[in-house]
Amino acid sequence: MFETDYERILKLVDNVDPVAYGRNRNFIDGDVSRLSPYISRGVISTKQVMKRTLERGFNPDDIQKWLQELAWRDYWQLIWIEKGNEINYDLRREQPDAKNYKMPRAVVDASTGIEAIDDAIREFYKSGYIHNHVRMYIAAICCNMGGSHWKTPARWMYYHLKDGDWASNALSWQWVAGANSNKKYVANQDNINKYCHSNQKGTFLDIPYEAFDSMEVPEVLSGLIELEFKTPLPESGEISIDPDKPTLIYNYYNLDPIWKQGLDVNRILLLEPSVFDKYPVSKQNISFALELGKNIPGLQVFVGEFGELTQNHSLREADVYFKEHPLNSNYEGTEEPRNWMFSVKGCYPSFFKFWNNARKELKRPADLFSQV
Ligand SMILES: Cc1cc2nc3c(=O)[nH]c(=O)nc-3n(C[C@H](O)[C@H](O)[C@H](O)COP(=O)(O)OP(=O)(O)OC[C@H]3O[C@@H](n4cnc5c(N)ncnc54)[C@H](O)[C@@H]3O)c2cc1C
């Protein structure tokens, strides 16, 4: 359902209609790109996508929504870099009205009774993808109607998402739940009917917006479950490393086929059990990452910790290269920057403060793309 061949992925980038996107992206059948699995896995970067879109001749002002949404990814990522593990806890304020640390069973079972949501969850288990608006509805149902603290449901979604990116995930869940925003996000049945083209009535969400303030947990969301996640990592096979060549470390967040393309180096996909214990993902997602890794010639898979890799193969720090990422803080070697869209860095209090600074660079495309 999701391509894994690099050339075909680039075609998908070139097929995006960024103008239509601005008009209809909130509809379930809108012109969304479905590029996130490739961006999250580091196969393509937000900057590469921006560059290829602008090279097709669009005026940045006409495709602002598209560029902004791409920039959300970098914005959340910059917060992760700055705040580190703090994003695993309520970031701005305690989640209002959190009543439990479990998850509504009806969401896991796709039996909330909201047809558009249940259909999307069933489809999610097969495809590993959910439309952004539906992610917001699901998060609101879990946290703001069901009273669950955001973290368990966020881990459930991250586990199954092909585009799992812990910054976009945890911080979006917190945004919906009001832990990383000033108010909780709610949507009623009319809103869902409009954006999902359904026509349902009489559900627990078929209420006016004023009624959300005094809403009790609906019966259907009162059944709660605890969830345990495990990542089925592959067996670590034998790998061979030439000690006279540099070693490039790839991982679940960096599968970039054009990184140091053509150089005669060792290329290792490092799957660290400690990372997957903390941020578990499904078998389907590990298989997807391994398939994407096939775009990188000579890539060998090592399942183990960074320290084991360097010790077992006597790697010297000076010969090791990797790309910047918050989950790499234990790596030792040369860290190379991520391919950010803009030179604006740091943790901004709001996306729009970040965007207002960043967008100035769109007026200077020569500077913007000098690094790509
Ligand atoms: C509760 C919740 C959980 C989420 N979890 C994740 C996650 O684990 N991984 C993830 O990549 N995104 C996550 N998002 C953000 C967003 O839903 C997805 O990036 C988007 O739906 C991906 O689909 P697409 O590629 O078709 O997006 P498009 O709408 O086509 O957008 C193009 C690109 O812009 C970026 N983008 C768009 N919207 C957002 C956004 N709101 N936040 C960050 N980047 C965005 C993505 O890189 C996306 O590929 C989450 C959002 C919510 C509300």
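Reader: How many nonpolar, polar and charged residues make up the shell around the ligand?

Author: This is a predicted model, in which local features need pLDDT of at least 70, side-chain atom pairs count only at pLDDT 80 or more, and totals for chains, interfaces and linings use all residues. Residues are numbered from 1 along each chain as its sequence is written. Ala, Val, Leu, Ile, Met, Phe, Trp, Tyr, Cys and Pro count as nonpolar, Asp, Glu, Lys and Arg as charged, and the others, Gly among them, as polar. By class, the shell around the ligand has 13 nonpolar, eight polar and seven charged residues.

Reader: Which of the 28 residues around the ligand come nearest?

Author: A residue is near a molecule or strand if its C-beta atom, placed from the backbone, lies within 6 Å of it. Of the 28 residues around the ligand, the nearest are Ser-33, Ser-36, Asn-132, Asn-169 and Ser-172.

Reader: Which helices each supply at least two residues of the shell around the ligand?

Author: Helices (H or I, at least four residues) and strands (E, at least two) are DSSP runs, numbered from the N terminus. The helices that each supply at least two residues of the shell are H3, H5 (64-83), H8 (132-145), H9 and H10.

Reader: At what angle do the axes of H9 and H10 cross?

Author: Two packed helices are described by the angle between their axes and the distance between the axes. Axes are lines fitted to C-alpha atoms, for helices over the stretch in contact, and angles run from 0 to 180 degrees between N-to-C directions. The axes of H9 (residues 151-160) and H10 (residues 166-177) come within 10 Å, and they cross at roughly 145 degrees.

Reader: Is the crossing of H9 and H10 left-handed or right-handed?

Author: A crossing is left-handed if the near helix is turned anticlockwise from the far one by less than a right angle, and right-handed if clockwise. The crossing in which H9 passes H10 is right-handed.

Reader: Which residues in H10 are met by residues in H9?

Author: Two residues are in contact if their C-beta atoms, placed from the backbone, lie within 7 Å. On the H9 side are Pro-153, Ala-154, Met-157 and Tyr-158, and in H10 they meet Trp-166, Asn-169, Ala-170 and Trp-173.

Reader: How do the residues of the contact of H9 with H10 divide by class?

Author: The H9 side includes Met-157, and the H10 side includes Asn-169. The residues of the contact divide into seven nonpolar, one polar and no charged.

Reader: Which elements are included in what covers the buried residues of H13?

Author: Phe-288 is one of the buried residues of H13. What covers these residues includes helix H3 (36-40) and S4.

Reader: What arc do the buried residues of H11 cover?

Author: In H11 (residues 189-196), Ile-192, Tyr-195 and Cys-196 are buried. They are on the same side of H11 because they cover an arc of only 85 degrees.

Reader: Which residue just after H11 takes a positive phi?

Author: What covers the buried residues of H11 includes H7 (115-127) and H8. Just after H11, a positive phi of about 55 degrees is taken by His-197.

Reader: Is Lys-260 exposed or partly exposed?

Author: Lys-260 is in the loop between strand S3 (247-250) and strand S4 (266-271). Its phi is positive, about 50 degrees, although Lys-260 is not a glycine. Because Lys-260 has 13 C-beta neighbours inside 10 Å, it counts as partly exposed.

Reader: Is Ser-314 exposed or partly exposed?

Author: Ser-314 is in the loop between H14 (306-312) and strand S6 (320-323). Ser-314 has a positive phi of about 45 degrees although it is not a glycine. Because Ser-314 has 9 C-beta neighbours inside 10 Å, it counts as exposed.

Reader: Leaving aside its neighbours within four places in sequence, with which residues is Leu-12 in contact?

Author: Leu-12 lies in helix H1 (residues 6-14). With 16 C-beta neighbours inside 10 Å, Leu-12 counts as partly exposed. Leaving aside neighbours within four places in sequence, Leu-12 is in contact with Glu-3 and Leu-35.

Definitions and conventions
A residue is buried if 20 or more other C-beta atoms lie within 10 Å of its own, exposed if 12 or fewer, and partly exposed in between; C-beta atoms are placed from the backbone. The arc is that of the directions from the helix axis to the C-beta atoms.
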